[in-house]
Amino acid sequence: MNYAKMMKQFQKMQAEMARIQEELAHEEVEASAGGGSVKVTVNGKQEVTKIVIAKEAVDPEEVEMLQDMLLAAINEALRQSQELAAKRLGGLTGGLGLPGF
């Protein structure tokens, strides 16, 4: 085995992974719940960046429903963000069998 060549390839892959992760930090996905009453935006680093709640969704008698809509939208946006990251990084690490990638 040529360890120098393997190390060079690994360093190249690390640099490419860092570049993709930086790009993902600037990409966003949006999910909604309650027919669009609640919208959540998440970036590629799985950070919630924005929550929009329609005025008509704010009913003091229906706080639990609003909470459920928020949870649903947040979880869906996080799932979409993770899927986006997996697609982007999957081509880079797919053949290596690295855990967590």
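Is Ser37 buried or exposed? In this predicted model, Ser37 is buried, because its relative accessible area is 17% and the cut-off for buried is under 20%.

**Figure 1. The whole chain, to get our bearings.**
The protein chain holds two helices and three strands, arranged along the sequence as α-β-β-β-α. Its C-alpha trace spans about 70 × 20 × 15 Å along the principal axes. Buried residues account for 26% of the 101 residues. Of the contacts with a separation of 6 or more, 52% are made by residues 24 or more positions apart.

**Figure 2. A close look at Ser37 and its neighbours.**
Ser37 sits in the loop between strand S1 (28-33) and strand S2 (38-43). Leaving aside residues up to four places away in sequence, Ser37 touches Val52, Ile53, Ala54, Ala57 and Met69.

**Figure 3. Arg88 and its two glutamate partners, Glu23 and Glu27.**
The side chains of Glu23 and Arg88 form a salt bridge, with an N to O distance of 3.9 Å. Glu23 belongs to helix H1 (residues 3-25) and Arg88 to helix H2 (residues 63-93), so this pair ties together parts that are 65 residues apart in sequence. Arg88 also forms a salt bridge with Glu27, where the closest N and O atoms are 2.6 Å apart. Here the pair ties together parts 61 residues apart in sequence, because Glu27 lies in the loop between H1 and S1 while Arg88 lies in helix H2. Each of these residues counts as partly exposed: Glu23 at 32% relative accessibility, Arg88 at 33% and Glu27 at 23%.

**Figure 4**
Arg79 and Glu83 form a salt bridge whose closest N and O atoms are 2.9 Å apart. The two are separated by about one helical turn, because they are four residues apart in helix H2. Arg79 is partly exposed at 38% relative accessibility, and Glu83 is partly exposed with a relative accessible area of 39%. Elsewhere, salt bridges with shared partners join Glu16, Arg19, Glu23, Glu27 and Arg88 into one network. Seven salt bridges are found in the whole structure.

Note on methods: Residues are numbered from 1 along each chain as its sequence is written. This is a predicted model: local features need pLDDT of at least 70, side-chain atom pairs count only at pLDDT 80 or more; totals for chains, interfaces and linings use all residues. Side-chain values use heavy atoms; hydrogens and water are left out. Buried means under 20% relative accessible area, exposed over 50%, partly exposed in between (1.4 Å probe, protein chains only). Contact means heavy atoms within 4.5 Å.
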